[in-house]
Every structure is written in C-alpha cells, then in structure tokens.
Amino acid sequence: MAAENEGKTEDPTEKKKSKSREKGQVARSKELATFLQLLGAAIFFLLWGGFIAEAMYKVMKHGLVFEQEDAFDPSRMFIRLQGLLDPVIAPLAAFTIVMMIIGVLSSIVVGGYNFSMQAAAPKFNKLNPITGLQRMFGPQGLVQLVQSLAKFLVVVIAAYVLVGFYFDKLLHINIEKTPNNIKTALEILVWIFIWLAFSLIVVAIIDVPYQLYKHNDSLKMTKQEVKDEHKNAEGDQQVKSKIRQKMFQASQRRMMAEVPKADVVVTNPTHYAVAIKYDTETASAPILLAKGVDEVAGHIRDIASAHDIPILCSPMLARSIYHTTELDAEIPEKLFTAVAQILAYVYQLKQYKKGKGKRPKEPTSNLPIPPEVRY
C-alpha cells in the first residue's frame, strides 16, 4: 500500500470519489455488518423465541406420535410431513425477511447505498492464483489475519465468561418440564448469543475507521493528478482563450460583412463607429448592424468608404448607440429622434446625388439625445 501510494499525498477530489463509486469502490466494514446481523438475529429470537419454542414443541410432539398405518403408507407420510412443517413456516419466513432487511441495512451503514454494474461484472484477473497469493500473504492478508485472530480471541473470552455465568441454569434445564425446559434453554442461548454479538462491537469499532482510512488512502492523488483534474474540469485556459479568439474573429467577420448593407455609419470620429440600417418593410425601427472602437471602428469606416456609404461624425450619438444597443437590435426609443435626423439627411443626400434637390446640410453635433443615454 505504501509503495503503491508513494507520492500520493493529496486527498481525493469529489470527481475521483464519484468515479470510484461508479466502479463500486466504497468503504465497507464487514465486521460492523456481521455484528449488526448477529445482534439482529439475537433480538429476533429474544422477542419471538417463545413462539419458536412452541412451534418446535408441536413439531416434536406431532412427529413422535403417529398411527401404525402412517408407517406403511407413503402417501400419509407426506401429509404428516406437511403437518410437521406448518408450525415452523411462519417463524422461519419472519426470520428470513428480518435477516434480509438487516443484511441490506448493515451493509450500507458505512459507505451508503451504491449499485454499480461495473462492480457486478466478472473480473477474471481475480482468478489469477499468483494475484490471490499476493493478497493472502501481502499487507492486506496480514490485516485480515489479525482481524480474524482478534475476533476469535474476543468470542472465546466472551463465551468462556458467559458459560460460567449461566452454568448453574444450564444444569437445571434437565429437571424442568417440557416445554418450559425448551423455552429456558432457548432463552439462555439467546442471551449468550446477544452478549457474544455485543462482544464483536469491539472489533467493529476498530474496523470502521480503519476501512474509512483505507478507502480514502487508496483514492489519494498526486499533486499533478489534482492539477490535471482541475485543468480538465475547467478546460485548458490556452485552448479556451484560442476558442474565444476564434469566436470573436468569426463574429467580427460576420459583423463586417453586414456593414455594406448599412444606410449610414456614425463615428466619434476616430474612436467609435456604428453602422445603422433602416428597412421600413422588415423592421419597425432602425437596426444596429455593426459597432466597434479604435481598430474595429477603423475597419468599419474603411468598408463604408469602399461601398460609398455615408459617414457622419456625431460623437455623442455614436457613443450612445454603441453603449445602449446590441448587434442586430433596434435602436432605443429615446434615440429615435436623433437617428431620424441622421437618416433624413442620408435620404436627402441620396436624392441630391441623383440630381434631385439641393445638397442637404449635415446635422449638427447638438442632436436631441436625452441625458440618461448620453455617454
């Protein structure tokens, strides 16, 4: 164990514990389960021992008394056998059910309930005799040997003390009348059984923390394993950074592809740029197609110039649209009036270029922008 866990100084992470549970690797204490099962059986006999004794008495009485015809008729013997079993079926069924429940509960006291198909799958490597010998004569086998010797000594000492305590009562059983002698014998056996079961609590108290420590120690990890797990859980930061960069570049390309569709680009004039489009047939308000600052703003202006899209300088409006409007979203209602003046200028400019009307005057920088959306 020490050689196997060399360098593993870190406590297991929740992910490591979860994976171990999926494989069926949980802490279990056989000694605690044995103690609880024996104690449960003893308490069952203590509470219902009288019914069991009475059932045994009926079986013995009915089994020792039969007619001469019964001995020579096989069919009647089966009927008598059924009569012998009837009194003990109910006690045996109750005992079986109680022990099944106690067996399940006692096995999940330490480690909790866990069902794993991986644990249920056959493991052919356990059939390897060399591996089996290594388990038998290795550290784990030594621990199991010490546990077995400890249990043996505890039970032997407890049995010796109990037999001495009940010795006189055991000698007086033969002078009692049936079925009282059977009830007395069962009562003595049950109490001896209970105290013997209680004696195993010493072994269980030692075994439970040992099994918890052993299980946790088997799951320990090296510092590098912990780092790798956190890295895998959170993702490689460099990879994530590259992914974000690629996504940003893709979004920038898509945004720039929308700039030629714009009706106007409003600038700061150099730090901010927003591209706006208003299609009365598909939208109820102007739409923001692209926006950017510094270098991105420069690219928007370059694309707009290349496609002969009007570029209008309005620092406050450019900043307001940039900070209040998401891409492909409608311009806020509070900016409608200011944007309407810009779009009206663009429309008049297009008419002028077609030779219709005179050249429009550019809107001043003092556009009607409410204070709450100014930036």
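These legends walk through several close-up views of a predicted model. Local features are given where pLDDT is at least 70, side-chain atom pairs count only at pLDDT 80 or more, and totals for chains, interfaces and linings use all residues. Residues are numbered from 1 along each chain as its sequence is written, and side-chain values use heavy atoms, with hydrogens and water left out.

**View 1. A salt bridge joins Lys151 and Glu31.** A salt bridge here is a side-chain nitrogen of Lys or Arg within 4 Å of a carboxyl oxygen of Asp or Glu, and the whole structure holds three. Between lysine 151 and glutamate 31, the closest N and O atoms are 3.2 Å apart. Lysine 151 belongs to helix 7 and glutamate 31 to helix 2 (residues 30–64), so the pair ties together parts 120 residues apart in sequence. Helices (H or I, at least four residues) and strands (E, at least two) are DSSP runs, numbered from the N terminus. Glutamate 31 is buried at 10% relative accessibility, while lysine 151 is partly exposed at 25%. For these labels, buried means under 20% relative accessible area, exposed over 50%, and partly exposed in between (1.4 Å probe, protein chains only).

**View 2. Glu372 meets Lys334 in a salt bridge.** The N to O distance for this pair is 3.2 Å. Glutamate 372 sits in the segment after helix 15 (336–353) and lysine 334 in the loop between helix 14 and helix 15, so to speak distant parts of the chain, 38 residues apart. Lysine 334 is partly exposed, at 46% relative accessibility.

**View 3. Lys261 and Glu258 form a salt bridge.** Their side chains meet at 3.3 Å, N to O.

**View 4. Tyr272 and Tyr322 make an aromatic pair.** Rings of Phe, Tyr and Trp (its six-membered ring) pair if their centres lie within 6.5 Å; planes under 30 degrees apart count as stacked, over 60 as edge-to-face and the rest as tilted. The count by this rule is six aromatic pairs. In this one the ring centres are 5.1 Å apart and the planes stand at 80°, so the pair is edge-to-face. Tyrosine 272 is in strand 2 (residues 272–277) and tyrosine 322 in helix 14 (residues 315–324), so the contact ties together parts 50 residues apart in sequence. Tyrosine 272 is buried at 17% relative accessibility, whereas tyrosine 322 is partly exposed at 22%. Elsewhere, ring pairs link Phe35, Trp195 and Phe198 into a cluster.

**View 5. Asp294 and Asp308 have positive phi values.** Most residues other than glycine have a negative phi. Aspartate 294 has a phi near 50° and lies in the loop between strand 3 (287–293) and helix 13 (295–306). Its relative accessible area of 47% makes aspartate 294 partly exposed. Aspartate 308 has a phi of about 55° and occupies the loop between helix 13 and strand 4 (311–313). With 58% relative accessible area, aspartate 308 is exposed.

**View 6. Asp217 and Asp11 come together from separate parts of the sequence.** Aspartate 217 is in helix 10 (residues 201–218) and is buried at 12% relative accessibility.
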